[in-house]
Amino acid sequence: MSPSVLPNKTYNIAAIPADGIGPEVIGAGITALNALSETLNTFKLNFTTYDWSSETYKKTGKYIPDGGLEELKKHDAILFGAVGAPDVPDHISLWGLRLAICQPLQQYANVRPTKIFRGTESPLRKCETGDLDWVIIRENSEGEYAGQGGRSHRGKAWEVATETAIFSRHGVERIMRFAFETAQKRPRKLLTVVTKSNAQRNGMVLWDEVAAEVAKDFPDVTVDKMLVDAMTTRMVLKPDTLDTIVATNLHADILSDLAAALAGSIGIAPTSNLDPTRENPSMFEPIHGSAFDITGMGVANPVATFWTAAEMLAWLGEEDAAKKLLDCVENVCEMGILTRDLGGNATTREVTEAVVGQIRKLAAANTPDQSNAPCWNVNDPQVFTITVCGSGTAADGQQLATSSVGTELPTAIGIGIPQVPGASYQYFIEPTMGYLCLAPTNGAAMLQLCVETDPYWCVDPFGMGPWVQAAGWWEGHNGYPNQLLSCAVDENQLLSCQYGGYDYLELGPAIINDPDWLGWYPLLSNKSDRGSQYFSTNGSCN
């Protein structure tokens, strides 16, 4: 643990999980964001969840209750899941919730970054990480989705339906300026304007003309123009020739889905619905949709939501935190922890736990160099064997035994689950997460217990308690499911891990016989009447 730092800012976030896999991925996103906030301790996030969904619509006739938009305006940002249900027409769900937020709150700039993550593959031949790195800017308030038009003579042979695209000079100019500003901030300073002015001779011609006018104010930005149909082939055949792309509401909607697929999966793609004036909160969402075909299966890819969360943090001014979050996500992908849409078999929960594990490791980067400290380095690949020497019960906090183990290992570990004396265990470092684990070698009742640590286990020289992160798990059998442990360091500098009210592990700092060695001693707990054990590291209980 590093010395405590008070968070500089608290952000109020409205969470709208909505439909399908929305609640699953938004739950994962909130878990990762809370872990990041707690680990960095430079900002706080307060989430308010709004149950606005297709189920709400079917019960009340409305997606958003009266006064709902005014409630949203009280927040700094909106984290949105997905909208759409099989038994509600898509045009009702889209206009009833998502567009009913974007348009009144003037979120006119829809931003969709695309890149190939480390550890993932593009379906394009020879396209590797770094070759495809785009930002697509979508006009988000008018154009083809302006909602203008109608139907007459319904049901008759001469029925007519119109869908009118609206292009205003004001709307086109503001999105063009935003696109040029975005391109100007990127290293390549390259902007491609997508159009269809050869066939659409009014609105799209105005689009082109305004783009050319705005370009004069950005002489350092290189601009080219592409017809939308030709743009699809360029994205596939020459992805490295593109960088920042601006397109209409409809065109960018289609192109950004293609971009996500070319990057590996629509399951990793984020989007930001921005009000660049910052008069209203902006909304951030994964673009994959509600995906009812996998809802409830626990296999939805949360990466798009993690990337979306990073985009939200960057918009709020927490650029460093956003970069760290995205680095953690890419680390997990590079480790091969991927959902099935990316060619893996990990679940939503497993990917989330892996990302949280990477986030927790960020704390180590903020601690002093302990390479020369008298601590056991958990990155050491050695495996150590210990043997249960006895068991007993005692009052909370009473020390049962210590053993002198030199300077390689913590003195002992107390586990609040009954074991058979003589059972043999091994310490090892779990390779995926870097957790310190204790596992049996001769068929004991508990299969495995792991606790996440910083690279060095020792007593904090600042007097802040042991450097142990608040996370862990145990794996059981004989009807006991795998469970996450809830771990915390209390005011007595004791690490306690619990599940369901039972104490499974307690560790505390101690100075033992060797004055140069800072070690650990086992603590007992009778809260669950399960006792504790003490151990030997040489296989002997003498």
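The legends below describe close-up views of a predicted model.

Local features need pLDDT of at least 70 and side-chain atom pairs count only at pLDDT 80 or more, while totals for chains, interfaces and linings use all residues. Residues are numbered from 1 along each chain as its sequence is written, and side-chain values use heavy atoms, without hydrogens and water.

**View 1. Helices α9 and α10.** Helix α9 covers residues 303-315 and helix α10 residues 319-334; helices (H or I, at least four residues) and strands (E, at least two) are DSSP runs, numbered from the N terminus. Their axes come within 7 Å and cross at roughly 165 degrees. Axes are lines fitted to C-alpha atoms, for helices over the stretch in contact, and angles run from 0 to 180 degrees between N-to-C directions. The crossing angle therefore makes α9 roughly antiparallel to α10 (the word applies to angles over 145 degrees).

**View 2. Residues between α9 and α10.** Contact (heavy atoms within 4.5 Å) involves Phe306, Trp307 and Leu313 of α9, among others, and on α10 residues including Leu325, Leu326 and Val329. The contact residues divide into 13 nonpolar, no polar and one charged. Nonpolar means Ala, Val, Leu, Ile, Met, Phe, Trp, Tyr, Cys and Pro; charged means Asp, Glu, Lys and Arg; the others, Gly among them, are polar.

**View 3. The open sheet.** Ten strands are ordered β2-β1-β3-β12-β11-β4-β5-β10-β8-β9, with mixed pairing. Two strands pair if DSSP finds at least two bridges between them. At the edges, β2 (43-49) and β9 (222-227) each pair on one side only. The twist from one strand to the next averages 25 degrees.

**View 4. Strands β1 and β3.** Strand β1 (residues 9-18) pairs with β3 (residues 77-82) in the parallel sense over five bridges. Ala15 stands opposite Leu79 in β3.

Notes. Parallel < 35°, antiparallel > 145°, perpendicular 65-115°, else oblique.
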